[in-house]
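Please look at the sequence and the structure before reading the points.

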Amino acid sequence: MKSNLTQLKKMANTLRQDVIKMLVEAGSGHSAGSLGMADIFSALYFKVLNHKPKKPNWANRDRLILSCGHIVPIRYAAMARSGYFPVKELKTLRKLGSRLQGHPSYVDMPALESSSGPLGQGVSVAVGKALAGKMNRKKYFVYCITSDGEHDEGQTWEAIMTAAKYKLDNLIFILDRNKIQIDGYTKDIMPLESLKAKYEAFNWFVLEIDGNDIEKVLKATEIAKRVKDQPKVIIAHTIPGKGVSFMENKWEWHGRAPSKDEAEKALKELQRAL
Amino acid sequence: MFKIQISKQIELKACRDGFGEALLELGKRNKDVVVVSADLAESTRCLEFGKKYAERFFEVGVAEQNMAGVAAGLALEGKIPFMCSFGVFSPARNWDQIRISICYNKANVLAAAKFEGPVYIRFAREKSPIMTLPKTKFKIGNAEVFKEGDDVTIIACGSMVYEALLAAKELKKEKIQAEVINCHTIKPIDAKTIIRSAKKTNRVVTIEEHQVNGGLGSAVAEVLAQNYPVPMKIIGMPDKFGESGTGKELLDKYGLNYLNIIKEIKKLI
């Protein structure tokens with residue numbers, strides 16, 4: 001399960017290809033965020049997370065909450081590649097009767113830990129899970145992937161205050177700072193800066209990294225795990241659409257799936273990068 | 001008889017596109033019309049309004065509770081705000097702000113011009129047949145009888161009205177005369193039209209692209225139970241969460257089509 005850096009980079013590329021294949025098959029879905037987070041998902045599922053894919057309800061597993069549920073294709077890809085379910089099932093994304101719902105459905109797939117989609121809700125659920133971990137004296141960490149656009153929601157800041165109040169040092173947010181949301185760049189829709197200063201003002205421990213650099217992701221999670229008495233956030237600057245040149249940094253790809261031609265082009269580019 | 005059309009080659013158009021066009025027109029006619037968006041301007045089709053009337057367009061980001069409060073404040077100061085989002089977010093997310101900031105204040109939010117708000121308008125995302133003609137009557141609060149009949153009443157709203165018309169057309173071949181009512185306003189509901197039709201047909205089927213609880217069917221049942229109880233069937237989502245699939249697949253799975261209307265009518269007759 002635990003992989004070295006070269007293997008993790010290769011895996012990120014594989015996950016990106018999976019995402020393209022899934023989205024073109026589904027005919028809808030969110031490309032940019034899914035691709036941008038491939039490096040982090042590779043690091044999480046193949047190195048960072050303490051988990052047993054064949055025993056998804058193992059009591060001591062680290063909990064991963066995907067609060068920005070719309071990028072779930074990348075999570076499904078990482079789950080399939082790490083052994084939660086067969087890779088061929090990825091093609092059922094968004095199809096009638098599939099447990100790979102367009103947005104995460106906990107009842108269909110309990111290993112997702114929580115249903116999500118409407119922004120700002122997963123962060124509170126993660127706080128609840130971290131509180132329970134403390135109460136039950138469990139050693140698990142709660143990782144919560146949250147998006148920058150999600151910080152428009154007031155609930156996100158309610159969760160942030162609660163986590164600091166209870167000194168939840170078993171809680172690590174990974175904030176996908178890709179600077180886009182569905183209708184445009186975050187700076188145009190709702191300016192968020194300075195996110196670092198805001199989190200610090202709310203008594204969180206903050207790290208800011210290049211989220212497409214797997215080595216930095218690994219280092220940041222190691223540091224974050226060791227910090228005591230504070231919740232931790234890793235602000236991960238990622239390139240939305242990363243790996244597919246015509247999608248990179250374009251907000252128009254937030255909620256779009258590639259056409260057949262675009263998918264072919266994207267896959268060629270990803271294969272060349274190997 | 002209201003003038004409507006029904007044909008195999010009928011043109012399809014998404015209701016939200018019509019909303020976007022109407023919003024532009026309203027913006028031109030009334031300088032007090034403003035729009036508050038929560039990062040769904042393109043999807044809800046208020047984007048064109050935003051481009052044309054930038055000074056009357058407010059983007060609050062993914063923050064529906066804030067959107068409702070901001071809209072209330074604008075309305076209380078005499079503006080006519082339209083707040084545009086998806087039903088899963090508004091009213092699902094900002095129910096309390098809609099209830100207190102907007103409704104308890106009687107704030108004129110999302111109101112069509114010349115009608116005292118607040119008003120909530122719900123559209124289907126998928127394309128649906130353009131069955132109405134320019135001369136088709138439309139008045140908030142008035143249910144329209146689109147087809148008269150004596151044997152059964154079908155009451156529908158939104159995208160299901162056309163399915164009701166298709167069902168009536170098929171039933172006619174079997175000598176069953178269905179009355180079809182377009183009940184576009186759920187509240188205030190047009191009790192008079194509903195009771196009059198029930199008295200004539202003695203059987204009512206309702207259909208809506210919505211949960212069976214607390215929607216059109218429930219509102220019709222409230223009217224009939226207290227005034228003129230008749231056998232009834234409510235067709236809609238059977239108290240279930242949604243799921244992934246194509247629009248057509250999902251409509252068929254939950255019987256939101258004319259074939260199921262016919263099936264349910266035959267059980268009643």
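The notes below cover helices, aromatic rings, nonpolar cores and domains.

This is a predicted model, in which local features need pLDDT of at least 70, side-chain atom pairs count only at pLDDT 80 or more, and totals for chains, interfaces and linings use all residues. Residues are numbered from 1 along each chain as its sequence is written, chains are lettered from A and ligands numbered from 1 in the order in which they are written, and side-chain values use heavy atoms, with hydrogens and water left out.

**Helix H3 of chain A**

- Helices (H or I, at least four residues) and strands (E, at least two) are DSSP runs, numbered from the N terminus.
- H3(A) is mostly covered, with ten of its eleven residues buried; buried means under 20% relative accessible area, exposed over 50%, and partly exposed in between (1.4 Å probe, protein chains only).
- Among the buried residues of H3(A) are A:Ala38, A:Phe41, A:Leu44, A:Tyr45 and A:Val48.

**Aromatic rings**

- Over all chains, the structure holds twelve aromatic pairs. Rings of Phe, Tyr and Trp (its six-membered ring) pair if their centres lie within 6.5 Å; planes under 30 degrees apart count as stacked, over 60 as edge-to-face and the rest as tilted.
- One of the twelve pairs is A:Phe41 with A:Tyr45, which is stacked, at 6.2 Å centre to centre and 15° between the planes.
- A:Phe41 and A:Tyr45 are about one helical turn apart because they are four residues apart in helix H3 (residues 38-48) of chain A.
- A:Phe41 counts as buried because its relative accessible area is 0%, and A:Tyr45 is buried at 2%.
- B:Phe19 and B:Phe82 form a tilted pair, 6.2 Å centre to centre and 50° between the planes.
- B:Phe19 is in helix H1 (residues 15-29) of chain B and B:Phe82 in strand E4 (residues 80-84) of chain B, so their pair ties together parts that are 63 residues apart in sequence.
- One aromatic cluster is formed by A:Trp157, A:Phe173, A:Tyr199, A:Phe202 and A:Trp204.

**Charges over rings**

- A charge sits over a ring if NZ of Lys or CZ of Arg is within 6 Å of the ring centre and within 35 degrees of the ring normal.
- A:Arg63 lies over the face of A:Tyr140, 3.8 Å from the ring centre.
- The charged end of A:Lys265 is over the ring of A:Phe246, 4.7 Å from its centre.

**Nonpolar cores**

- A nonpolar core is a set of buried Ala, Val, Leu, Ile, Met, Phe, Trp, Tyr and Cys residues joined through side-chain atoms within 4.5 Å.
- The largest core has 64 residues, and those with the most contacts inside it are A:Phe41, A:Leu44, A:Tyr76 and A:Ile145.
- Another core, of 29 residues, lies apart from the largest one and includes B:Phe19, B:Ala41, B:Val60 and B:Cys84.

**Chain B: domains, a helix and a strand**

- Chain B is assigned domain 1 (13-104) and domain 2 (137-268), with bounds from an automatic or database domain assignment.
- The centres of these two domains, taken over C-alpha atoms, are separated by 30 Å.
- Among the buried residues of H5(B) are B:Met160, B:Val161 and B:Leu171.
- H5(B) is followed by B:Lys175, whose phi is positive, near 65°.
- B:Asn182 is in strand E8 (residues 178-182) of chain B, and B:Asn182 is buried because its relative accessible area is 10%.
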